[in-house]
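Here's a quick tour of a protein model, going from its charged pairs to its strands and its nonpolar parts. Have a look at the fold before reading on.

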Amino acid sequence: MSGTDRRPLAIHLGLPRTGTKTLQWQLFSRHPQIHYVGNSSRRPNRLSQQASQFFRDARAEQLFRQRIMLAPSPNLEESRELWRSLQAQADPDKTIVWSDEDLSWGPLNTRSVRAGLVWRLFRPCRILLTLREPVDHIESVHRMILRRQIIRPDEYAAPPTSIDEWLEDPEDSTRAKVFDHAETVRAYRRLFGAESVKVLLFEQLRDDPRAFFANCCEHFGVDPGVGADLYAGRADNARISDRQVRMAIWLRNRPFLQRVVNRVRPGFRAASLYRIPRTRSRSLPTLSPASAARIRKLSRPSNRWFRDELGLPLERYGYPV
């Protein structure tokens, strides 16, 4: 590890909407054998809706966000020096964990470049990726975007579009429309070795959260029993309901009322949104049959590779293979 005997870094790549906040808030930031460096290390402030501490250390933010995620070609020696400084501040008996779902989004070339940069800076390293059934995943991503528009609305922005319009729009959140996840995993396996890269399913988290936490911990080299006991019995950052979406659209269709609401602090908007009653059942599917069929077609090659190469039980959870 670049001339040090400290325990290696472990990275959770996402995907978004696969229990990332549950892992960040309940497991990574609370396990006594983990030195967590972000992202979203604490739950958002209820009034501001801003993460109270996005990174725990300014050097971590500079290294992981400014250099790896945003800089096209960071200075490697300066980045290594930042990494050595972070290691020096961490307990040598703890595993440093970084979780950033943006690593799994965007064009393949961008993901590959970041994988190579991570390898040059941090090897050896443990990598974790979490998947979700692709149609359900895209619907959940779209609901996430709608929620952001509700909590932080912009009166000059276009109103919320239907999920089919959003899916077809090449200029709207293209980084979220990634279906070749096997390419991401293959890139990290080539660099770090197959044994260093693990893939888990969001549906496994939903079925047995304690076992899911334990599996993450085992891969990261920390106590799985302690990790399993950290599950708090709740789903963080859950998808907004159909009724909440209808209320948001109703509001966006009334410009004067929308301008008034825009002057209210985001936390109050969020509190109002979450007080709208939610049904106990999951939100109804919103993709048209044609769009859902297209997503299944695009994701099928990756899903087959995950099934055949990694032995993941995708068919049990309805993944198209």
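Does Glu81 count as buried, partly exposed or exposed? At 44% relative accessibility, Glu81 counts as partly exposed. Keep in mind that this is a predicted model.

Glu81 meets the side chain of Arg84 in a salt bridge, at 3.0 Å from N to O. Both residues sit in helix H3, three residues apart, or about one turn of the helix. Arg84 is partly exposed too, at 32% relative accessibility.

Helix H3 also takes part in a link to another helix. Arg67 pairs with Glu78 in a salt bridge whose closest N and O atoms are 3.1 Å apart. Since Arg67 belongs to helix H2 (residues 58–70) and Glu78 to helix H3 (residues 76–89), the pair ties together parts that are eleven residues apart in sequence. Arg67 is buried at 14% relative accessibility, while Glu78 is partly exposed at 44%.

Arg111 is buried at 3% relative accessibility, and Asp180 is partly exposed at 26%.

## Strand E3, covered on both faces

All five residues of strand E3 (residues 95–99) are buried, so the strand is largely enclosed by the rest of the structure. Thr95, Val97 and Ser99 are on one side, with Ile96 and Trp98 on the other.

E3 has strand partners as well. Strand E1 (residues 9–12) pairs with E3 in the parallel sense over three bridges, with Ile11 partnering Trp98. Strand E2 (residues 34–36) also pairs with E3 in the parallel sense over three bridges, and here Tyr36 partners Val97.

The largest nonpolar core has 43 residues, and Phe64 and Trp98 touch the most other members. Beyond its sequence neighbours within four places, Phe64 is in contact with residues including Leu9, Phe55, Trp83, Trp98 and Phe122. A second, separate core of 18 residues includes Leu23, Leu27, Phe28 and Val97.

Terms used: Residues numbered from 1 in each chain as written. Predicted model: local features only at pLDDT ≥ 70, side-chain atom pairs only at ≥ 80, totals over all residues. Heavy atoms only, no water. Buried < 20%, exposed > 50% of the residue type's maximum accessible area, 1.4 Å probe, protein only. Helix = DSSP H or I, 4+ residues; strand = E, 2+ residues; numbered from the N terminus. Pairing = 2+ DSSP bridges. Core = buried A, V, L, I, M, F, W, Y, C linked by side-chain atoms within 4.5 Å. Contact = heavy atoms within 4.5 Å. Salt bridge = Lys/Arg side-chain N within 4 Å of Asp/Glu carboxyl O.
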